Amino acid sequence: MTQQDIEHIKQLLGSPKQIVIVPHKNPDGDAMGSTLGLYHYLKKFNHEVTVISPNDYPDFLKWIPGENTVLKHDSQTRGSNNLILKADIIFTLDFNALHRTGNMESVLSESKALKIMIDHHQAPDDYAKYIFSDISMSSTCEMVYLFIDKLGDTEKIDTHIATCLYVGIMTDTGSFRFSCTTSQTHRIAANLIEKGANNSQIHNNVYDTNTYEKLQLLGCALNNLKIIPESRTAYITLSQEELNKYNYKKGDTEGIVNYGLSLNNIILAAIFIEDKQEGIVKISFRSKGNFSVNEFSRAHFEGGGHTNAAGGKSYSSLNDTVEKFISILPTYNKALNNE
Ligand code: 5GP
Ligand code: MN
């Protein structure tokens, strides 16, 4: 995004507009934090702003300021489509290919609105007029802060905006421990705390709301953990039956994949989660160092993401998916053991 782009955007936002902001499907802390942070910022200029999520998000995000105004496209389709089709501007945040919005893809493509992408994933598509894409960023929330800064408006950041943006920085950096965390990330987090983000309370709201069943599910996942030492790999499976047994709710499996990576000498971790309703196995990959799970997932599991964190899916059974994974791994042994 050039200085000229910023001037154009500034001009555009100089008069009241109808604006829609969209996160990716199954939005996480960064997707909800960034869209709602931008929402509160834009509301200050008398724009009509609506965040429209492709679908619902986990309960541990259902306290973020403004989340009660979010429309869910899958259950509020008609109202959402109307807003999308008559919008002047659509911001797409925390994703960079329209298919990441699931069923919203067609109406987003159809809409004549000017599109602005803010995102930190690799290999952006070029559906947007203005693209602020930077894979070195910890999170889209960090980028929304920088976007507001580019517009010369950091003094407009209030407690609501600061709280929203802090959520995504915290969740996408694994509470400031992943390698995507930079000195800039910490500086921005510090600024957000000064502007009113209650860091301890935010951490508490997101991470300390476990239910007994969620911990039991974690126990089950850890029981299922397997390691493949020669590939420095650990993987976890969760079948639909196991999910049902522990009364699985959206978000309950978030972060479980990271346990594999905490093992000594393991640099690739995966979790395979059966979803009978969608007819897929949802996969999360995490890695350490230069091994790119983005490339791995793109090549074999219709996914993508970042070098060290990516998602993917498979339409085969849980067993067949895991077998495919195990059969592919040896071709990567050299890369995995060079790390
Ligand atoms: P997670 O494993 O937590 O679902 O996702 C890890 C990262 O990869 C996130 O940044 C997420 O946005 C991205 N991601 C997850 N699933 C997919 C996918 O199917 N395609 C692409 N391109 N990215 C994904
Ligand atoms: Mn993100």
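I took buried to mean under 20% relative accessible area, exposed over 50% and partly exposed in between, with a 1.4 Å probe and protein chains only. This is a predicted model, in which local features need pLDDT of at least 70 and side-chain atom pairs count only at pLDDT 80 or more, while totals for chains, interfaces and linings use all residues. Residues are numbered from 1 along each chain as its sequence is written, ligands are numbered from 1 in the order in which they are written, and side-chain values use heavy atoms, with hydrogens and water left out.

Helices (H or I, at least four residues) and strands (E, at least two) are DSSP runs, numbered from the N terminus.

For helix α8 (residues 199-207) I found Ile 202, Asn 205 and Val 206 buried. Down the axis of α8 these fall within an arc of 90 degrees, so they line one face of the helix; the arc is that of the directions from the helix axis to the C-beta atoms.

I then turned to helix α1 (residues 3-12), where Asp 5, Ile 6 and Ile 9 are buried. Their arc is within 100 degrees, so they too line one face of the helix. The face turned away from that side carries the exposed Gln 3, Gln 4 and Gln 11.

Last, I checked ligand 1 for polar contacts (pairs of N or O atoms within 3.5 Å). A nitrogen atom of ligand 1 is 3.0 Å from a polar backbone atom of Gly 304, and an oxygen atom of ligand 1 is 3.1 Å from a side-chain N or O atom of His 306.

Notes: Polar contact = N/O pair within 3.5 Å; in protein donor to acceptor, adjacent residues only side chain to side chain.
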